[in-house]
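Here is a walk through one protein model and its ligand. Keep the structure open and follow each stop in turn.

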Amino acid sequence: MHDLLIVGQGAAGLAAALSAKELAPKARIAVLDRMPAAQAGGNTRWSPSNMRMQSLQEVSPHFEEDMAAASAGRGDPAYFHTLAAQAPETLAWAQRQGVQFQTMDYFLKAWPTRIQPVGKGAGLLEAFVQSARDKGIEFIHGCQAVQLLTASDGAVEGIVTADGQRLLARAVVLACGGFQGNPDMMREQFGERAATLRPISPGTAHNDGEGIRMALAAGALASGDWDGMHIEPVDPRSPRPAALVLAYPYGIVVDQIGRRFFDEGGALVHETWEAFSRTVHFELPGSVAWTILDASAQDIPGYANAVRSEVPPVQADTIEALAALIGIDPGALADTVSRYNAACIGDPARFDASKLDGLSTAPGFAPGKSNWAFALRKAPFLAFPVAGAIVYTFGGLSTDLQARVLGRHGPVPGLYAAGEITGHFYAHAPNAVAVMRALVFGRIAGRNAIQTTHP
Ligand SMILES: Cc1cc2nc3c(=O)[nH]c(=O)nc-3n(C[C@H](O)[C@H](O)[C@H](O)COP(=O)(O)OP(=O)(O)OC[C@H]3O[C@@H](n4cnc5c(N)ncnc54)[C@H](O)[C@@H]3O)c2cc1C
């Protein structure tokens, strides 16, 4: 019998294990993960783990207002208030577990301050796993949880594994991610094309919704936007994880027939990438689009950082030649570029990549471009293919501020959850919040779970 079983060895699961062990050093605590040790860590392992913090001591300005805006007013203000209030002390606690933090080196100049663990998500995992081993937390790898064991009163008292073992525990924390790795659940929520959506990293696909399904079967309520996902634009030619192509605000994006279809400069890149990538995957023929740039894009500060693909762009000295190389009708692309160029009526000297510069296309031009609209004239012209890659799903379990999983009659006794497996996200992914919330609510889950069993 374990005092606490934690399902999932990502940021949330490890924070839960370490915080529980801190309160009850003699407790028998195990973290189990379906993957072998070298691959455990799900999304966290591959994530830059940027956090919406102004510094280690304070969250970014307007944090709670931004959360309300990202969720279109549907997020629970108390959840995000708790997150904001506890983030600084949680990061200080993570430092005491051996995690170091740095101000991040990110994609573009136009980007708010973020901090991240040294070594990114992999560095965070390494420090946490080391600390957990030092403190005597057990790890059970290659162990997939498939069912919760419940008593007649509904209290959770352990899990069943894929090979039929029954592992008993006084409490269980579920921290095993969303359902993006499950083609059937994806199809059910997002339609047929969801089954062909590429995962942004190898660890992304390990989260297949098993934890969500077993908790729902044990009486948990759902929360979050089941139609929501975080998805980012990548170069489909690259085998690299997260081969992002984020230079599109400084050029145009066209579909396979050479037409623009959205405002590439509508906002900062992290505010447009999700809707853009979703349109590409779910609405465009072939689920691919092309970012078209001219040579001047390469001079923009941050360009090299914004293009994370190692595959060079397709290049040509004329738009027609470029179109021919990427399989778009040359006349159609030349027409799109020349109409776009004619609509770029602002003074190009006002171009400023570091902020929303208001350099827009002429009124009435559709689709308009609100910022960074300058004519594409300088050869060579460049083209990157862009496809959507899923990062995580929003739909998950309903939890309260103590990270207890909620059922129809209140908290499900003995069951806690944190991280991506929990709902709480609606409409748009709040940028740089997923790892923070995994840490904050993972820590809360571990503390509360062990306090209930070791009062
Ligand atoms: C490329 C990339 C970039 C990202 N960038 C950022 C960013 O900058 N900022 C940010 O905040 N977020 C970012 N994210 C998202 C963020 O990293 C994740 O949402 C977060 O790390 C999730 O942590 P977690 O502990 O909830 O789940 P995970 O880290 O995904 O861990 C879940 C674990 O559960 C295991 N598991 C799954 N099912 C079972 C089962 N049935 N039984 C046993 N084990 C199971 C998995 O193997 C995995 O180890 C990014 C993600 C990726 C991939």
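Start with helix H10. Strand S14 (252–254) and helix H9 (319–325) are among the elements that cover the buried residues of H10. Contact here means that the C-beta atoms of two residues, placed from the backbone, lie within 7 Å. Helices (H or I, at least four residues) and strands (E, at least two) are DSSP runs, numbered from the N terminus.

Two points on the model itself. It is a predicted model, where local features need pLDDT of at least 70, side-chain atom pairs count only at pLDDT 80 or more, and totals for chains, interfaces and linings use all residues. Residues are numbered from 1 along each chain as its sequence is written.

Which residues of H10 are buried? They are Leu333, Thr336, Val337 and Tyr340. Seen down the axis of H10, its buried residues fall within an arc of 90°, so they line one face of the helix. The arc is that of the directions from the helix axis to the C-beta atoms. On the other side of H10, Gly331, Arg339 and Ala342 are exposed. A residue is buried if 20 or more other C-beta atoms lie within 10 Å of its own, exposed if 12 or fewer, and partly exposed in between, with C-beta atoms placed from the backbone.

Helix H5 (residues 183–190) can be read in the same manner. Met185, Met186 and Phe190 are buried in H5. These residues cover an arc of only 105° around the axis, which puts them on the same side of H5. The face turned away from that buried side carries the exposed residues Asp184 and Glu188. Gly191 follows H5, and its phi is positive, near 90°.

Step back to the domains. The domain assignment gives domain 1 (2–228 + 394–453) and domain 2 (231–389). Such bounds come from an automatic or database domain assignment. The C-alpha centres of domain 1 and domain 2 lie 35 Å apart. How many residues does each domain give to the contact? Domain 1 gives 17 residues and domain 2 gives 22 residues. The side of domain 1 that touches domain 2 has eleven nonpolar, three polar and three charged residues. Ala, Val, Leu, Ile, Met, Phe, Trp, Tyr, Cys and Pro count as nonpolar, Asp, Glu, Lys and Arg as charged, and the others, Gly among them, as polar.

Next comes the ligand. There are 46 residues around the ligand, and Gly8, Gly10, Gly42, Ser47 and Gly419 come nearest. A residue belongs here if its C-beta atom, placed from the backbone, lies within 6 Å of the molecule. The elements that give two or more residues to this shell are helix H1 (11–23), strand S2 (29–33), helix H6 (210–217), strand S17 (381–393) and helix H11 (434–453). H11 gives the most, with four residues. By class, the shell has 22 nonpolar, 20 polar and four charged residues.

Some backbone details remain. Most residues other than glycine have a negative phi, and most peptide bonds are trans. Lys120 has a positive phi of about 55° although it is not a glycine. Its place is in helix H4 (residues 120–134). Lys120 is partly exposed, with 19 other C-beta atoms within 10 Å. Ser287 has a positive phi of about 50°, and it is not a glycine either. Find Ser287 in the loop between helix H7 (269–283) and strand S15 (289–293).

The loop between H10 and S17 is the last stop. Pro367 lies in this loop, and the peptide bond from Ala366 to Pro367 is cis, with omega near -10°. Pro380 is placed in this loop too. A cis peptide bond joins Ala379 and Pro380, with omega about 0°. Gly358 also sits between H10 and S17. Gly358 is partly exposed, with 13 other C-beta atoms within 10 Å. The C-alpha atoms of Gly358 and Gly266 are separated by 9.8 Å, though the two are 92 residues apart along the chain.
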